[in-house]
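The following exercises are to be worked through with the sequence and the coordinates at hand. Each task is followed by a solution in steps.

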Amino acid sequence: MRIFARPQANTMLGDMDNLEELGLVDDDDIVLDEAALMLARLDHDAIDLGPYEDVLSDIASRLGEVGADAADGSERAACLAQVLAGEFGFVGDRQTYDDPDNADLIRVVDRLRGLPISLSILYVAAARRIGWSAEILNLPGHVLVMVGHEATPVIIDPFRGGVRVGIDEITALLSAANGGVSAAVRHVAAMPNRAILVRLLLNQATRAEQAGQGRRALVLYSRMTAVAPDYPHPWWERARLELLDDDVAAARASLTAMLEITREPALRERVTGTLDALAAR
């Protein structure tokens, strides 16, 4: 069973459920909601995933019914909002935004509340399951969902119930970023699937460390390096926390792994300098 390949109909979680295998599959072969559910399961050992798998299936089935005649991005975006927010009740958690449960897909399904990234995963995965084009856009401090690949794709905000986002609002978001529009616009792009999963885990890790849970944050950065072994930032943060935990050997291994994938001269120099300092201990 290929759980991470894009399904022809409805491929659900099966035997391939470890991080190393997820880290090895091609980015385009990752099914976002299944992968996010698998990551959440790591913190819920005894849970029965059957009901959660059923929810993912039911969302896609209902979207297929509602959107059977949706011909363009605008109509499909409206169908996504109707099904995910209107019928299933998924909305952003404004009251307890920093609750770690908002980045845990199991708890998001339980509570019908989540962060922009977790809700966007549900929207995009549902659209893709029925053959629609959908991407998560990375904007400064926020993520949005783009539906359709037409000349004028439609952008919606799952955190606000799937409302449509116009160019004026996007410009305002970019203007509020450090450096203004000209600097921020370079970072507006469709996120690769692996980057989306890292973003989901990063939300949890950041909140864990803010709460003084360094060991928990280290576990989450370790998951990131398994899911996205070619991404340098999680390796750096993992090494930093390993050093705080006084595990020099582990930190050295993380930095060495980072050095193997990093091509940026300044970053390589920084990593090499840190490794030299550790060798001198």
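This is a predicted model: local features need pLDDT of at least 70, side-chain atom pairs count only at pLDDT 80 or more; totals for chains, interfaces and linings use all residues.

## Exercise 1: Helix H6

Residues are numbered from 1 along each chain as its sequence is written, and side-chain values use heavy atoms, with hydrogens and water left out.

**Solution.** 

1. Helices (H or I, at least four residues) and strands (E, at least two) are DSSP runs, numbered from the N terminus. The protein has 13 helices and 7 strands.
2. The expected span of a helix is 1.5 Å times one less than its number of residues.
3. Buried means under 20% relative accessible area, exposed over 50%, and partly exposed in between (1.4 Å probe, protein chains only).
4. Ala-126 is found in H6 and counts as buried at 3% relative accessibility. Contact means heavy atoms within 4.5 Å; not counting residues up to four places away in sequence, Ala-126 touches Ile-59, Leu-63 and Leu-84. Its C-alpha atom is separated by 8.8 Å from that of Ser-61, 65 residues apart along the chain.
5. Arg-128 also lies in H6 and is buried, at 16% relative accessibility. Its side chain is joined to that of Asn-193 by a polar contact of 2.8 Å. A polar contact is a pair of N or O atoms within 3.5 Å; within protein, one must be able to donate a hydrogen and the other to accept it, and residues adjacent in sequence count only if both atoms are side-chain atoms.

## Exercise 2: Helices H2 and H3

**Task.** Identify what covers the buried residues of H3 and those of H2.

**Solution.** 

1. The 17 residues of H3 (residues 50–66) should span 24 Å at 1.5 Å a residue, and the end C-alpha atoms are 24 Å apart, in agreement.
2. The buried residues in H3 include Tyr-52, Val-55, Leu-56, Ile-59 and Leu-63. Their cover includes helix H2 (32–41), helix H4 (73–87), H5 and H6.
3. In H2, 9 of the 10 residues are buried, so this helix is largely enclosed by the rest of the structure. Among them are Asp-33 and Glu-34.
4. The cover of the buried residues of H2 includes helix H1 (19–24), H3, H5, H6, helix H9 (193–210) and helix H10 (214–227).

## Exercise 3: The nonpolar cores

**Task.** Which residues have the most contacts inside the largest nonpolar core?

**Solution.** 

1. A nonpolar core is a set of buried Ala, Val, Leu, Ile, Met, Phe, Trp, Tyr and Cys residues joined through side-chain atoms within 4.5 Å.
2. The largest has 67 residues, and Leu-22, Leu-80, Leu-84, Ile-136, Ile-156 and Leu-197 have the most contacts inside it.
3. H6 supplies the largest share of this core, 9 residues. At least three residues come from each of domain 1 (22–190) and domain 2 (193–280), with domain bounds taken from an automatic or database domain assignment.
4. Another core, of 13 residues, lies apart from it and has Val-248, Ala-257, Leu-267 and Val-271 among its members.

## Exercise 4: The aromatic pair

**Task.** Is the pair formed by Tyr-97 and Phe-159 stacked, tilted or edge-to-face?

**Solution.** 

1. Rings of Phe, Tyr and Trp (its six-membered ring) pair if their centres lie within 6.5 Å; planes under 30 degrees apart count as stacked, over 60 as edge-to-face and the rest as tilted.
2. The structure holds 1 aromatic pair. The ring centres of Tyr-97 and Phe-159 are 5.6 Å apart and the planes lie at 75 degrees, so the pair is edge-to-face.
3. The pair links distant parts of the chain, 62 residues apart: Tyr-97 is in the loop between strand E1 (91–92) and helix H5 (105–111), and Phe-159 in the loop between strand E5 (154–157) and strand E6 (163–164).
4. Tyr-97 is partly exposed, at 31% relative accessible area, whereas Phe-159 is buried, at 9%.
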